[in-house]
Amino acid sequence: QFIRQHAGRGHGPARIRAELRQRGVPDPEVEAGLEAAGEDWPAIARDVRRRRFGSSPPGDYAERARQARFLQYRGFSADHIRAALGPGDDIEP
C-alpha cells in the first residue's frame with residue numbers, strides 16, 4: 001500500500017526504496033514489495049514530467065538536464081528518465 005500510494009504521488013522506486021529503508025523495512029521485503037506492486041515506472045516518470053513541465057519535449061540541452069534532475073530527485077532511474085524525455089513523449093496514448 002505504501003508503494004502504490006507514493007507511486008501515485010509521482011515518486012520513483014529509488015525514493016520509495018530509501019523511505020522504506022529509513023522506516024526500518026528490511027531490504028528483501030522492500031524489493032519484494034516493489035516487484036509485487038507491478039508499477040509501470042517509465043509511464044509514471046512520463047506522467048510526472050508532463051504534469052510538471054507540460055506535454056512538449058524539452059527544447060534544448062539545458063531544459064532536458066533540468067527535467068532530468070527533477071525526475072532523478074523524485075527517485076527515477078536513468079532508464080526511466082530517458083523514457084520520459086525521449087522522442088515521442090508529446091504523443092498522448
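The legends below walk through several close-up views of this predicted model.

A few notes apply to every view. The model is predicted, so local features need pLDDT of at least 70 and side-chain atom pairs count only at pLDDT 80 or more, while totals for chains, interfaces and linings use all residues. Residues are numbered from 1 along each chain as its sequence is written, and side-chain values use heavy atoms, with hydrogens and water left out.

View 1. Starting at the N terminus, the order of elements is α-α-α-α-α-α. Helices (H or I, at least four residues) and strands (E, at least two) are DSSP runs, numbered from the N terminus. The C-alpha trace spans about 40 × 25 × 20 Å along its principal axes. Of the 93 residues, 35% are buried; buried means under 20% relative accessible area, exposed over 50%, and partly exposed in between, with a 1.4 Å probe and protein chains only. Among contacts with a separation of 6 or more, 58% join residues 24 or more positions apart. Contact here means heavy atoms within 4.5 Å.

**View 2. Helix α2 (residues 13-22) and its buried residues.** Look for Pro13, Ile16, Glu19 and Leu20, which are buried. Seen down the axis of α2, these buried residues fall within an arc of 130°, so they line one face of the helix. The arc is that of the directions from the helix axis to the C-beta atoms. Packed against the buried residues of α2 are α1 (2-8), α3 (27-37), α4 (41-53) and α6. Just after α2 you will find Gly24, with a positive phi of about 90°.

**View 3. The packing of α2 with α3.** The two helices pack at an angle of about 145°, and their axes are 10 Å apart. Axes are lines fitted to C-alpha atoms, for helices over the stretch in contact, and angles run from 0 to 180 degrees between N-to-C directions. The crossing of α2 and α3 is right-handed. A crossing is left-handed if the near helix is turned anticlockwise from the far one by less than a right angle, and right-handed if clockwise. On the α2 side the contact is made by Pro13, Ile16, Arg17, Leu20 and Arg21, and on the α3 side by Asp27, Val30, Glu31 and Leu34. By class, the contact of α2 with α3 has five nonpolar, no polar and four charged residues. Ala, Val, Leu, Ile, Met, Phe, Trp, Tyr, Cys and Pro count as nonpolar, Asp, Glu, Lys and Arg as charged, and the others, Gly among them, as polar.

**View 4. Where α4 meets α6.** The axes of α4 and α6 come within 8 Å and cross at roughly 55°. The pair is therefore oblique; angles under 35 degrees count as roughly parallel, over 145 as roughly antiparallel, 65 to 115 as roughly perpendicular and the rest as oblique. α4 passes α6 in a right-handed crossing. From α4 come Trp41, Pro42, Ala45, Arg46 and Arg49, which meet His80, Ala83, Ala84 and Leu85 in α6. These contact residues divide into six nonpolar, one polar and two charged.

**View 5. Where α5 (residues 61-74) meets α6 (residues 78-85).** Here the packing angle is about 135° and the axes lie 10 Å apart. α5 and α6 are therefore oblique to each other, and their crossing is right-handed. Arg64, Gln67, Ala68, Leu71 and Gln72 in α5 meet Ile81, Ala84 and Leu85 in α6. In this contact, five residues are nonpolar, two polar and one charged.

**View 6. The two sides of α6.** His80, Ile81, Ala84 and Leu85 are buried in this helix. Seen down the axis of α6, the buried residues fall within an arc of 125°, so they line one face of the helix. On the other side of α6, Asp79 and Arg82 are exposed. The cover over the buried residues of α6 includes α2, α4 and α5.

View 7. Gln67 counts as buried, at 2% relative accessibility. Apart from neighbours within four places in sequence, Gln67 is in contact with Arg49, Phe53, Pro58 and Leu85. Arg69, in turn, is exposed, with a relative accessible area of 52%. From C-alpha to C-alpha, Arg69 and Gly38 are 25 Å apart in space, and they are 31 residues apart in sequence.
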